[in-house]
Each structure stands twice: as structure tokens, then as C-alpha cells.
Amino acid sequence: MSTRTAAESTLAIRASLEAATWAPSVHNSQPWSFAVSGDEISVRADTDRKLRYSDPEGRQLLISCGAALFNIRTTLRCRGFEPVVQVLPDPERPALLATVRLGESVTADEHTKALHAEIERRRTHRAAFTDLPVPDRLVEALVQQAAAEGARLTPVRAAHAVRVVAALTEAAQNIQVQDRVLNLEVIRWARPPGSARKDGVPADAYPADSADTDPRFPQRDYAWRHDWGTHHDTEGSSTGVVALLTTSGDTRTAWIAAGQALQRFLLHASAHGVSAAFHTQALEMPHLREFLRQELCSGQYPQMVMRLGITFSQQAAVRRSLPDVVD
């Protein structure tokens with residue numbers, strides 16, 4: 001049992017839930033909800049926010065919720081509690097993804113504090129990066145951060161392999177933009193200029209024209225027939241470091257682990273001035289995902305495709321409030 005007071009427990013739980021809302025999620029759909037019972041937090045999937053056509057199995061939903069779970073764990077440690085986590089604790093309640101109980105008193109180390117400080121600062125990037133290089137030593141540190149959560153982050157160093165990932169991304173994007181149902185699903189999460197919504201992708205969070213990287217990594221078409229997006233000069237045209245996040249299995253447990261690994265290394269990257277741009281279109285097409293698994297992932301299952309780089313732009317973030325996500 002923790003020796004902390006009830007008031008400290010209450011404050012720690014509230015802080016951890018606020019931190020959870022800042023996790024990255026597919027299309028900023030924020031597909032999670034939470035419940036509190038005593039000293040225990042329940043992390044649940046909000047299936048009303050699931051991408052039913054591009055994510056029918058809920059893989060991206062669970063990765064998003066795994067990232068939120070990592071924020072809870074990190075915040076509780078910084079508040080003096082060791083989180084006691086059970087993943088998928090009840091097979092008869094598939095929407096219950098994890099429970100987190102406040103455990104023994106603990107003192108957070110400096111690294112945990114540094115990760116926690118980035119929770120509200122981290123941003124997803126949707127354009128080219130500056131020409132400033134990401135240090136190899138930092139990339140290796142990100143690999144270690146992912147491994148600590150049971151996933152593998154693999155930088156794609158060979159030029160021909162980068163071209164393959166880019167080509168698969170472009171092929172998937174070209175097919176998806178012709179699919180009316182998939183387009184409508186993306187559009188559901190596009191926020192028009194001036195919108196008061198607290199979810200979805202804001203109109204100023206992506207460039208009006210696709211970044212001219214070499215090779216080209218297309219972004220989602222959130223604007224779809226609208227003149228949305230930023231029209232400012234780009235910072236550069238660097239692709240950055242292309243990387244794949246993979247797991248040895250492809251179960252619901254593995255997807256949640258992938259989300260925790262993703263958030264852990266994203267926060268570490270943010271602390272060193274590095275952001276990520278995500279390109280998961282090919283992973284939404286089973287045959288292209290399987291091709292990636294066999295040809296570039298050494299049989300591991302690809303969970304995320306991204307570029308890592310340095311940017312000086314900083315968009316405002318939108319998040320739902322606690323009353324919207326906590327029962």
C-alpha cells in the first residue's frame with residue numbers, strides 16, 4: 001500500500017488523466033475514455049471513434065490508447081506512485097484495455113521527469129524538416145527507448161529501402177484518395193479553419209501543398225477540395241530519418257505495447273528537439289503491410305511508419321477536456 005494521503009492520490013490520478021489526453025492518436029481522434037474507482041484507473045477504447053474502414057481490427061486505436069497509457073504511467077511516477085498495470089485484464093470486456101493502480105511510493109528519476117515535461121510539448125509534424133541532421137547517437141537512444149517497452153524501432157538507412165517505403169506510402173495514398181468511403185472517414189477528422197472542435201486535425205497543422213521531399217512521402221488529404229493548410233514558406237525539404245516501429249507479434253497486447261513504445265521514444269525525441277511525421281497509409285492495406293513485414297521488417301509486424309527530423313514550427317494542439325473523457 002502507498003503511504004501517500006488520499007488527497008495526493010486524487011491529485012495524482014487527475015494529473016495522470018490530463019496527461020493521457022495529450023497522447024498522439026490517429027487523426028487526433030483521441031479514441032479513449034477513462035474511469036476511476038478508488039485508486040484504480042481504467043483505460044478503455046472509445047469505439048465510437050474507431051476508424052471502421054481503415055482500421056477495422058482497431059490496431060491503430062489500440063496503439064493510440066497505448067500511448068495514453070504510457071502518459072499515465074509516467075505521470076504517476078512523477079507524482080510519487082509506482083503504477084501497477086494490468087493490460088487486457090478482462091477477456092469478457094474487450095473495450096477495457098488496461099487498469100492502472102497506484103502502488104508503492106517511488107521517486108521518479110531524471111529521465112522520467114524529462115519525458116513527463118514533454119507530454120504537452122510534443123507535436124506531430126506534417127511537412128518536410130529542416131536540413132539539420134538528427135544525430136546518430138540520438139537515433140540509437142530512440143531505438144533503446146522503444147526496446148524498453150517491448151518494441152523495435154528500426155531506422156531505414158539504405159537509400160533503396162527509403163525509396164521502397166516512400167513508394168508504398170504513395171501507392172497507398174493514391175489508392176485511398178480514390179475511395180469515397182475512406183475519404184469521408186479522413187474528412188470526419190478534418191477541422192475547418194476557426195472550428196471550435198477539440199479533436200481532429202486543425203487546418204493549420206499541415207501545409208497546403210505536399211512537402212517536396214526526396215523521395216516524396218505524401219500526407220493525408222485532410223483539406224479535400226478546400227483551400228486549407230498553411231501557405232507559409234517551408235523550413236526545408238529534408239525527409240529526415242525514416243523509421244519503422246515493429247513488434248514480434250500482432251496481437252492486441254502487442255498493439256498496446258507498440259503505443260507505449262511509440263510515446264516513450266517520441267517524448268525522448270521531443271526533449272532533444274526532434275519531431276515525428278507519420279505515414280501509415282500502407283499499413284492500412286493488408287497486402288502492402290505484409291510486403292513491408294517480409295521485405296523490410298525481418299518478419300516483424302510493422303505498426304508505425306514515420307520520419308524523424310528537426311523543425312522550428314509549432315502549432316497549437318487541441319485536446320478534449322477531462323469531463324469529455326472521464327466517466
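This is a predicted model: local features need pLDDT of at least 70, side-chain atom pairs count only at pLDDT 80 or more; totals for chains, interfaces and linings use all residues.
**Entry 1: helix 4 against helix 7**

Helix 4 covers residues 136–147 and helix 7 covers residues 252–271; they pack at an angle of about 150°, with their axes 8 Å apart. For my own reference, axes are lines fitted to C-alpha atoms, for helices over the stretch in contact, and angles run from 0 to 180 degrees between N-to-C directions. Helices (H or I, at least four residues) and strands (E, at least two) are DSSP runs, numbered from the N terminus.

Leu138, Ala141, Leu142, Gln145 and Ala146 in helix 4 meet Ala261, Arg264, Phe265, His268 and Ala269 in helix 7, where contact means heavy atoms within 4.5 Å. Sorted by kind, the residues of this contact of helix 4 with helix 7 are seven nonpolar, two polar and one charged (Ala, Val, Leu, Ile, Met, Phe, Trp, Tyr, Cys and Pro count as nonpolar, Asp, Glu, Lys and Arg as charged, and the others, Gly among them, as polar).

**Entry 2: helix 2 against helix 7**

Next I looked at helix 2 (residues 59–78), which packs against helix 7 at an angle of about 55°, with the axes 7 Å apart. That angle makes helix 2 oblique to helix 7, and the crossing of helix 2 and helix 7 is right-handed. Among the residues of helix 2 in this contact I listed Leu62, Ile63, Gly66 and Phe70, and among those of helix 7 Trp255, Ile256, Gly259 and Leu267. The residues of the contact of helix 2 with helix 7 divide into 10 nonpolar, five polar and four charged.

I traced an open sheet of four strands in the order 1-2-4-3, with antiparallel pairing (two strands pair if DSSP finds at least two bridges between them). Strand 1 (32–37) and strand 3 (81–87) stand at the edges with a single partner strand each, so one side of each has no neighbour in the sheet. On average, neighbouring strands of this sheet are turned by 25° against each other, direction ignored.

Strand 2 (residues 40–45) is joined to strand 4 (residues 96–105) by five bridges; valine 43 stands opposite alanine 98, and serine 42 has threonine 99 as its bridge partner. Strand 3 and strand 4 pair over six bridges, and there glutamine 86 stands opposite threonine 99. Seven of the 10 residues of strand 4 are buried (under 20% relative accessible area; exposed is over 50%, partly exposed in between, with a 1.4 Å probe and protein chains only).

**Entry 3: aspartate 46**

Finally I looked up aspartate 46, which is found in the loop between strand 2 and helix 2 and counts as buried at 17% relative accessibility. Leaving aside neighbours within four places in sequence, aspartate 46 is in contact with Pro31, Trp32, Leu61 and Arg320.

**Note on the values**

Residues are numbered from 1 along each chain as its sequence is written, and side-chain values use heavy atoms, with hydrogens and water left out. Local features need pLDDT of at least 70 and side-chain atom pairs count only at pLDDT 80 or more, while totals for chains, interfaces and linings use all residues.

Conventions
Angles under 35 degrees count as roughly parallel, over 145 as roughly antiparallel, 65 to 115 as roughly perpendicular and the rest as oblique. A crossing is left-handed if the near helix is turned anticlockwise from the far one by less than a right angle, and right-handed if clockwise.
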